[in-house]
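Welcome! Have a look at the picture before reading on.

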Amino acid sequence: MNVTIQFYTILSMIGMGLYIGAAIDTYHRLLKNRTTYYWLFALNDVLFWFIQACIVFYVLLHVNNGEVRFVMFVALFCGYAAYQALFQRIYQSCLEYLIQKILSIYRMIVRLFVILLINPTKYLLKVAYSLCMMVLSIVLTILHGLWKCIWKVGYLLSIPLFKWTGLRSLFEKWLPFLKRIKGFLLFKKKKD
């Protein structure tokens, strides 16, 4: 029974070596565009290796009650070497295929979001703007027409008022002076 447990432990550590090889390739592929060195990348590396060590120890804890022996390091290394020799190319091509599919699904979701939400919203805002401008122009036209009517009625009512109150004679006295001011202002505008 002890031999079976040790064989199971060694087999688990070989599997963990395979897993670590795949995890390293995945990590390097996801951070492939590293051109400069930042402290954040160093922190990511430390965090990655810490998580891998925790996973290996967790598996070791379950299969061997956390006993660490030299044979387990050899089994871990053998699993990693087996991954490098036998499975690396297959895994990398599968990983690349999966990443490309995920990116294409992401692009499709973004396009659908733009087509189904952004474009209709832009169209509705344009329609609302056009309607507001149309209503505003109609209201301004109506107000302009009302102003003209009020002005004409006021003008027609002011003619008898001017005659009866004597304001017409006062206006006729001031008319030459007002024409001079108007001519002066027009002459000054033409000069400018």
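## Before we start

Helices (H or I, at least four residues) and strands (E, at least two) are DSSP runs, numbered from the N terminus. This is a predicted model, in which local features need pLDDT of at least 70 and side-chain atom pairs count only at pLDDT 80 or more, while totals for chains, interfaces and linings use all residues. Residues are numbered from 1 along each chain as its sequence is written, and side-chain values use heavy atoms, with hydrogens and water left out.

## Along helix 2

Let us begin with helix 2. Its 26 residues should span 38 Å at 1.5 Å a residue, and the end C-alpha atoms are 37 Å apart, which agrees. The expected span here is 1.5 Å times one less than the number of residues. Just after helix 2, N65 takes a positive phi of about 55°.

Which residues of helix 2 are buried? They are F41, F48, Q52, V56, L60, V63 and N64. Buried means under 20% relative accessible area, exposed over 50%, and partly exposed in between (1.4 Å probe, protein chains only). Q52 has a relative accessible area of 6%, so Q52 counts as buried. Not counting residues up to four places away in sequence, Q52 touches Y19 and A23; contact means heavy atoms within 4.5 Å.

## The nonpolar core

A nonpolar core is a set of buried Ala, Val, Leu, Ile, Met, Phe, Trp, Tyr and Cys residues joined through side-chain atoms within 4.5 Å. The largest one here has 12 residues in all: M13, M16, I20, A23, I24, Y27, F48, V56, L60, M72, A75 and L76. Helix 1 (2-30), helix 2 (39-64) and helix 3 (70-165) are the elements that give two or more residues to this core. Helix 1 provides the largest share, 6 residues.

Now take L76. Leaving aside neighbours within four places in sequence, L76 is in contact with M13, M16, G17, I20 and V56.

## Rings that meet

The structure holds 4 aromatic pairs. Rings of Phe, Tyr and Trp (its six-membered ring) pair if their centres lie within 6.5 Å; planes under 30 degrees apart count as stacked, over 60 as edge-to-face and the rest as tilted. One of these pairs, Y27 and F48, is stacked, at 4.4 Å centre to centre with 15° between the planes. Y27 lies in helix 1 and F48 in helix 2, so this pair ties together parts that are 21 residues apart in sequence.

F48 also meets W49: their ring centres are 5.2 Å apart and their planes at 75°, so this pair is edge-to-face. F48 is buried, with a relative accessible area of 11%, whereas W49 is partly exposed, at 46%.
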